[in-house]
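Visitor: Could you walk me through this one with a few questions? I'm new to reading structures.

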Amino acid sequence: MGSHGDSSSLVWVLDKKFAIFSTVAFAFLIRVLVSLHPYSDLFLAGAGNPPLYGDYEAQRHWMEITVHTPVKEWYRNTTDNNLSYWGLDYPPLTAYQSYSHGLALQALDPQSVALHTSRGYETRRSKLLMRWTVLTSDAIIFFPAALYFIAVYYNGRKDEDLVWAHALILLQPCAILIDHGHFQYNCISLGLTVGAIAAVFSTRELVACVLFCLALNHKQMSAYYAPAFFAHLLGKCLHRQNPFFNVIRLGLIVLGTFTVVWWPFLYSKEAILEVLARLAPLERGIYEDYVSSFWCCTSLLIKWKQRFSMSTLSYFALGATLTASLPSMVQQISAPSHRGFLYALLNSSFAFYLFSYQVHEKSVLLPLLPASLLVLDEPFLFKWLTINSMLSMYPLLRRDGLTICYIALLFLFILMYYAPMQSKEDGSRSNYIAQRFPKFWWALISFYTLFLVMLHVLYLFVQPPTRYPFIFEAVITACAFSQFAILAIYTNIKQWRLPIDKAHSSDVKEKVN
């Protein structure tokens, strides 16, 4: 009997490892397939099109600059670093990442990062190498972080549910399309954030602070999560003995991490201001293109850019963002919890996406991350947010020539979402979800879904009226914004309605590691 039990245990472990390996391998394969397609505004100033070539060229150019110029000149306008041509506008960790990738490209294809002469350099070899820098970054940082989170937060759940959640997190279509299609490195900052969240749940708050500070120093958009991290960690400290000491410890770790990352730029006040000026370019305006934010959608009625100065709009955006973030922060300070923390991350990122200054279409990846981490708790929320996030990015991805990838990944996501696995004792996951909504709401959801299908077809095949050349983009933006706003209201209410016993389930009296 003992030997039979041991062999059963071994089979279970092997099956679990095989499921994890298969999920990771399939997710990596999907990224490889997407990377074979075009990138960065193919039909505008993108792939192969001067003068700026697109985001792919921006990433390549940062490698060129960081490899060939002194650190002091990376954020400074010089003869070798013309900031008007894709000047570096992300924090220092992105610069260090560009430098490390640039060294690899210089060793394997020196012409691809040659100073001055490599502008617009696009050979088959260089594109392959550039794509692999993203693929390896994703595999090294985001993949392990996602598995770490699943092991920590969903520990004790059914194995099939864990595999399903892991698969949906790794196959989230928006992140794949932006990083491996459009071409960016969001997987690094998002992976560091997921690692920080998992570290918080493991009561390794000092490690969490380091990881989140690294995420902030890779992409300033990680600040979308800052209110939630601040409120949750402060709330846990206040519920422990010696709260002042615990807060000071965390503060010193944050200060130390920032000092290490910014050390090459701390030699003068001017050097620090040069970097900060590149990170917050107010002159770009309150939004770019057609993004599903409050400011862009309401600009149809109120011409914000015409009626107010950029400085005034920045204060409007700051006030609105802080106001929208405040309720979830108060809840986490007063009653910190694991699930409440995930809701707070979602709510603060919603607040930034909807109301902050200089929002891009790609910024929707920020609220999508905590929604994906809540997939077993809020499956419909994740599905609905993903569908509408894909909608909001459709114009950008169509310009990139990624329509086929867009359709294929959306269908793959829906197929994975409705995979026939048991989530509840009394039935399938889809049946459980259906039970939570009255038939009236399902009718509205079905009508809206049908409308979205028609809107996609019209945008793809029908020429807009000459008088309203951007009518389809405006409708897409309005539709996505309406759903984001509804979901933001829902998740704020859901966070505040967490039961008291769950609200205090973080074990806040544990010592900080």
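Visitor: Let's start with R157: is it buried, partly exposed or exposed?
Guide: Buried means under 20% relative accessible area, exposed over 50%, and partly exposed in between (1.4 Å probe, protein chains only). R157 has a relative accessible area of 29%, so R157 is partly exposed.

Visitor: Before we go on, at what pLDDT do side-chain atom pairs count?
Guide: Residues are numbered from 1 along each chain as its sequence is written, and side-chain values use heavy atoms, with hydrogens and water left out. This is a predicted model: totals for chains, interfaces and linings use all residues, local features need pLDDT of at least 70, and side-chain atom pairs count only at pLDDT 80 or more.

Visitor: Back to R157, then: which residue forms a salt bridge with it?
Guide: A salt bridge needs a side-chain nitrogen of Lys or Arg within 4 Å of a carboxyl oxygen of Asp or Glu. For R157, the closest N and O atoms of the pair are 3.6 Å apart, and the partner is D377.

Visitor: How many residues apart are D377 and R157?
Guide: The salt bridge is between D377 and R157. D377 sits in the loop between α16 (365-373) and α17 (379-399), while R157 is in the loop between α4 and α5 (159-170). Helices here are DSSP runs (H or I, at least four residues; strands are E, at least two), numbered from the N terminus. The pair links distant parts of the chain, 220 residues apart.

Visitor: Which helix holds both R60 and E57?
Guide: These two also form a salt bridge, with the closest N and O atoms 2.9 Å apart. R60 counts as buried because its relative accessibility is 1%, and E57 is buried too, with a relative accessible area of 0%. They lie three residues apart, about one turn of the helix, in α2 (residues 55-68).

Visitor: What about R240: which residue does its side chain meet in a salt bridge?
Guide: The N to O distance here is 3.0 Å, and the partner is E205. R240 is in the loop between α9 (226-238) and α10 (243-262), and its partner, 35 residues apart from it, lies in helix α8 (residues 205-216). Both are buried, R240 as well as E205.

Visitor: How many aromatic pairs are there?
Guide: Rings of Phe, Tyr and Trp (its six-membered ring) pair if their centres lie within 6.5 Å; planes under 30 degrees apart are stacked, over 60 edge-to-face, and the rest tilted. By that rule, the structure's aromatic pairs come to 35.

Visitor: Are F149 and Y153 stacked or edge-to-face?
Guide: They're four residues apart in helix α4 (residues 124-153), about one turn of the helix. F149 is buried because its relative accessibility is 0%, and Y153 is buried at 15%. With 5.3 Å centre to centre and 20° between the planes, the pair is stacked.

Visitor: Which residues does D179 contact, leaving aside neighbours within four places in sequence?
Guide: D179 lies in helix α6 (residues 173-183) and counts as buried because its relative accessibility is 2%. A polar atom of its side chain is 2.7 Å from the backbone nitrogen of C187. Counting contact as heavy atoms within 4.5 Å, D179 touches R131, V134, Q184, Y185, N186 and C187.

Visitor: Last one: what percentage of the chain's residues are buried?
Guide: The chain has 22 helices and two strands. Out of its 513 residues, the buried ones make up 53%.

Note on methods
Polar contact = N/O pair within 3.5 Å; in protein donor to acceptor, adjacent residues only side chain to side chain.
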